[in-house]
Amino acid sequence: MMSKEVVVSGIRPTGFLHLGNYFGAMRNYVRMQDDYDCYFFVADQHSLTTHPDTTALRNSVLRVLAENIACGLDPDKVALYVQSDVPETAELYLYLNMLAYKGELEKTVTFKEKVRLQPDNVNAGLLTYPVLMSADILIQRAVKVPVGKDQEQHLEMARNFADRFNNRYTEVFPLPQPFNFGNTLTKILSLDGNGKMSKSENQMATIYLADEDEMIRKKIMKAKTDSGPVEANAVKPGYIENLFTLMNITSDTATISKFEQDFNTCIIRYGDMKKQLAEDMIRFITPIREKANDIQNDQAYLDKIMKQGAAKARARASETLRLVRKAMRFS
Ligand code: ADP
Ligand code: TRP
């Protein structure tokens with residue numbers, strides 16, 4: 001039997017998961033779980049770069065795990081674990097740091113953005129974030145990494161670090177590629193049309209998997225639209241395209257093509273479209289929210305999952321570290 005390709009991805013526990021996380025990441029995780037050897041983790045150590053207060057961290061970790069399972073991940077098929085339970089990653093991070101240059105780290109788009117957002121806490125961990133992320137991936141010798149478009153540059157850096165390691169010492173790492181079903185990486189925009197949907201910015205323009213029905217209605221009805229297209233088959237502005245993207249994942253094909261056609265013939269009523277989208281979205285989110293709540297309350301089950309995931313992740317991670325140390329002539 002051919003061995004399955006190894007896949008790694010992580011989500012930071014910095015708040016409730018939203019539709020961007022679902023479509024950029026989790027949906028792909030679920031679709032990959034049968035055909036790949038998957039390692040999915042909650043990146044709790046990564047949160048420290050922006051959220052140093054750990055009081056609520058444990059709870060967030062449990063919530064993210066519960067939401068992943070509620071979305072369809074099967075912890076018996078994939079290794080589902082918590083980053084801080086795999087200490088091997090930290091040692092690889094140390095070695096990779098010697099292969100990463102200050103200049104390239106400072107040029108990273110996400111670093112520059114974080115510097116702008118938190119000028120009083122530009123810590124070294126923030127600067128070396130892409131190195132820790134590379135260590136998460138390379139410690140499992142992964143070849144595919146399902147992520148949203150915002151992570152593309154980090155993946156390119158991971159390939160550079162892997163390549164430098166291979167060239168300097170011995171070939172240990174395959175070069176990891178970003179992955180999405182379909183050819184382009186997804187980006188779900190914020191409902192106000194400003195930037196991407198994200199966990200901590202602009203909560204009224206973000207739909208969370210934990211949102212109650214009324215909240216979903218309220219947010220979607222407030223989504224940015226305009227007075228409609230003035231010529232047939234016009235190009236959609238980003239915020240309208242985004243509503244169609246959301247509809248594409250939650251509504252049935254007849255509904256989608258009706259509104260597509262209404263758009264193309266300039267008779268679209270965005271109020272009607274949003275009402276329909278809200279109801280379809282509620283039908284999509286409610287079972288996930290309810291299931292996640294049940295799982296989150298089952299502490300014993302989550303403990304078992306985390307242990308099982310960590311054991312699987314550590315087994316492969318220690319094997320990688322053995323190869324790394326050997327390549328570096330440490331032992
Ligand atoms: P956030 O940006 O909300 O803090 P994370 O950084 O933890 O979320 O991202 C977890 C995963 O979700 C990553 O693979 C990321 O690319 C994806 N993701 C986050 N926001 C979006 C979005 N708006 N559209 C598509 N994918 C996204
Ligand atoms: N940097 C990713 C994000 O902000 C989260 C992450 C950490 C990750 N380590 C990873 C994603 C390894 C994929 C693989 O979304």
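I count Ala, Val, Leu, Ile, Met, Phe, Trp, Tyr, Cys and Pro as nonpolar, Asp, Glu, Lys and Arg as charged, and the others, Gly among them, as polar. This is a predicted model, where local features need pLDDT of at least 70, side-chain atom pairs count only at pLDDT 80 or more, and totals for chains, interfaces and linings use all residues. Residues are numbered from 1 along each chain as its sequence is written, chains are lettered from A and ligands numbered from 1 in the order in which they are written, and side-chain values use heavy atoms, with hydrogens and water left out.

**Entry: ligand 2**

I started with the shell, taking a residue as near if one of its heavy atoms lies within 4 Å of the molecule. By class, I found 6 nonpolar, 4 polar and 2 charged residues around ligand 2. Among them are S9, F41, H46 and V147.

Which element gives the most to this shell? It is α8, with 4 residues. Helices here are DSSP runs of H or I with at least four residues, strands are runs of E with at least two, and both are numbered from the N terminus.

Next I looked up polar contacts, pairs of N or O atoms within 3.5 Å. The side chain of Y129 has an N or O atom 2.7 Å from a nitrogen atom of ligand 2. For D136, a polar side-chain atom is 2.8 Å from a ligand 2 nitrogen. For Q151, the distance from such an atom to a nitrogen of ligand 2 is 3.0 Å. I then checked cover, using Shrake-Rupley accessible areas with a 1.4 Å probe. Ligand 2 alone exposes 370 Å², and the protein buries 90% of that.

**Entry: ligand 1**

I counted 18 residues around ligand 1, of which H18, G148, D150, K196 and K199 come nearest. The shell has 5 nonpolar, 8 polar and 5 charged residues. Helix α1 (residues 19-32) supplies the largest share, 4 residues.

From the side chain of H18, an N or O atom is 2.8 Å from an oxygen of ligand 1.

**Entry: strand β3**

I turned to β3 (residues 79-82). A79 and Y81 point one way, L80 and V82 the other. Are these residues buried or exposed? All are buried, meaning under 20% relative accessible area.

Strand β2 (residues 37-42) pairs with β3 in the parallel sense over 4 bridges; pairing takes at least two DSSP bridges. I noted A79 of β3 as the bridge partner of Y39.

Methods: A polar contact is a pair of N or O atoms within 3.5 Å; within protein, one must be able to donate a hydrogen and the other to accept it, and residues adjacent in sequence count only if both atoms are side-chain atoms. Buried means under 20% relative accessible area, exposed over 50%, partly exposed in between (1.4 Å probe, protein chains only).
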